[in-house]
Structure formats: C-alpha cells, structure tokens
Amino acid sequence: MDLIHKVLNIVLPPITLILLLLFLPSFLVSKFISRIKRSINSETVAGKVVLITGASSGIGEYLAYEYARRGACLALAARRQERLRAVADKARALGSPDVIVIPTDISKLEDSERFINEAVNHFGKLDHLVNNAGVVQIDMFEDCKQISDFATLTNTNFWGSVYTTHFAIPHLRKSKGRFGGISSIAGWFPVPRMSFYGASKAAITSFYETLRAEVGSDIGITIVTPGVVDSEMTQEDFLSKAQIDFVPAESTERCAKAIVDSACRGDRCLIEPSWTRMLFLLKVLCPEVLEWSFHMVLAAKSSKKSN
C-alpha cells in the first residue's frame, strides 16, 4: 500500500498538470456558455413555494421581498413573530399571492421539523428552501470566558440548516427543487475574533457540497458566500468590534437580488460581491501572506492597544 502512495506521489502531479493544460480552456468555455444558457432559461418562481429561515431581518427579510416581487408563495421562519408579520405584510404588498408566518427556533430539532411540516401542509409542496438564519459572536478565542457559549452559535448557524435540510429533502426531491445555503466569506478566511462564526459557515459549505454529491441532479443546491452586508447584524457594532469597519458593506437589497437570480439560474455557488473572488485567489496561491495580513491588521493592532 505504501508503494502505491509513493508511485501516486510521483506520477499524479504531472499527469494532473498536463490534463489541466489540455482540458481547462475548453472546460471554462463550456462553463461560460452554460451560464449564458441558464441565464436565458432562468427559473420562474411565480406560484412556487419558497421557505426562508431568518426572515425577520437582514438578508432573509430582503430575500422574502425579492421572491415576493417574482410572485412566489412564502413561508417565513424566525423567532421574532411580530417582526415576521411586518415582513409578511410587505411581501404581500410586493406581489406574493400567499405568505405564512411560522415562529421558529431552528436551533431546535422539533421546531425545524414543525416549520417544514406546517409549510408543506399549508401549500402542499416545497420548491425552494433558503437556510439563511444565523447569529454572530465577536471575540478573540483566548479571551473567551465560557467556551460553551459558542454552542448557541453553532446550533443556529450549522445545526439549524442541517435540521431543516433533513426534513425538506423528500419534498424537494419530489418537486426537483432547490436548497439555498447561506455561508459567509468568513468561512474561507482567517478573520480574527470570528473563529467560531467562520467555522460554522465553513461547515455549511462543506455540508452542502457533500450533500450535492449525494443527491446528484435530483435537488439543486446553491451555496452563497456573501461578504460584508449592510444588515441588522452588521449595524449592531459588528464592524467596529471585529475591527473591519474599513470594509465596504453591500446593500442588503442588492445582495438578496443576486442570491435569488443565482438560485433561479441554477448556479452551484455564488460569491457576492464578485470582487471578493480575488481574495479566494490569494487564499489558494499565497495563504501565508493572507494570514499575516489579517494578523497584522486585525489582531496585532488590538493586542498593542490592550497592552
């Protein structure tokens, strides 16, 4: 067995490089053509049933408005019932033919199951499920006084999406529907003070990539990786606490529109805004430089202040 690994270590790198040189150009051209076709034949969601978690504010709220403009029926979930009702009223005014509000704490298994069941019982089907609900906690890891406090974050950001996905799979398989998983750029980059938030979002990406390999073409999956978005979460001293207030925030409405456009095109993934893709290139080609930059700008500076 060790001999096989030694042979693969020698043979596989050059073979892979040669295959990339031969097939990558044509593959990229085919991807470009495929995107054009998908844009032309974009899915029409009028009359379709869309479930959105974390719909009481931020990206989830504006996703509800964007789907409503396109005539989709909505099931909105979040913990704040009064706020959900206000979002539902506006969604109806924007054109949604039917909106139901289901107060839900998706970090709880039984709540997630009830949310899916109530929505399907009301509409009779399910076409899109957008797992958007999330919370953030800003703190340097070594400064955490009670490490178990982060369980609330992971229960919402990761397990909440897992729970709803599990209960929605049979319905989406039947309708050939789509999951929308909202990850974050923090899941890819080593942003100080956001270790658990980033880990929970990285887990979302890995979970949906693996699920895509399992379900194949039966269910579409669009993994969304937003940057900094001007939402309720970021307005509550988030940027200053994380010391990233120099980063330009994208409007929530623009981000939500890009997400719905991407889901309707049937995209595998969306990085929004698109300029942040250049950071992914840096992550792959020179991770040491990226980590050093994050440390010097976001961690070392605050350490000097505290000393």
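The structure is a predicted model in which local features require pLDDT of at least 70 and side-chain atom pairs count only at pLDDT 80 or more, whereas totals for chains, interfaces and linings use all residues. Residues are numbered from 1 along each chain as its sequence is written, and side-chain values use heavy atoms, with hydrogens and water left out.

Because F179 belongs to strand β5 (residues 178-182) and Y208 to helix α6 (residues 195-215), the pair ties together parts that are 29 residues apart in sequence. Helices (H or I, at least four residues) and strands (E, at least two) are DSSP runs, numbered from the N terminus. F179 is buried, with a relative accessible area of 1%, and Y208 is buried at 0%; buried denotes under 20% relative accessible area, exposed over 50% and partly exposed in between (1.4 Å probe, protein chains only). Ring pairs link F179 and Y208 with F158, W159, Y163 and F207 into a cluster.

Helix α2 (residues 58-69) packs with helix α3 (residues 81-94) at an angle of about 25°, and their axes are 8 Å apart. The axes are lines fitted to C-alpha atoms, for helices over the stretch in contact, with angles running from 0 to 180 degrees between N-to-C directions. The two helices are therefore roughly parallel, a class that covers angles under 35 degrees, with over 145 being roughly antiparallel, 65 to 115 roughly perpendicular and the rest oblique. The contact (heavy atoms within 4.5 Å) involves E61, A64, Y65, A68 and R69 of α2 and R83, V87, K90, A91 and L94 of α3. K90 lies over the face of Y65, at 4.5 Å from the ring centre; the criterion is NZ of Lys or CZ of Arg within 6 Å of the ring centre and within 35 degrees of the ring normal.

Regarding the backbone, a cis peptide bond with omega of about 0° joins E272 and P273. P273 is located in the loop between β9 (269-272) and α10 (277-285). K176, a non-glycine residue, has a positive phi near 55° and lies in the loop between α5 (150-175) and β5; K176 is exposed, at 54% relative accessibility. R193, in the loop between β5 and α6, has a positive phi near 75° and is buried at 9% relative accessibility.

Notes: Rings of Phe, Tyr and Trp (its six-membered ring) pair if their centres lie within 6.5 Å; planes under 30 degrees apart count as stacked, over 60 as edge-to-face and the rest as tilted.
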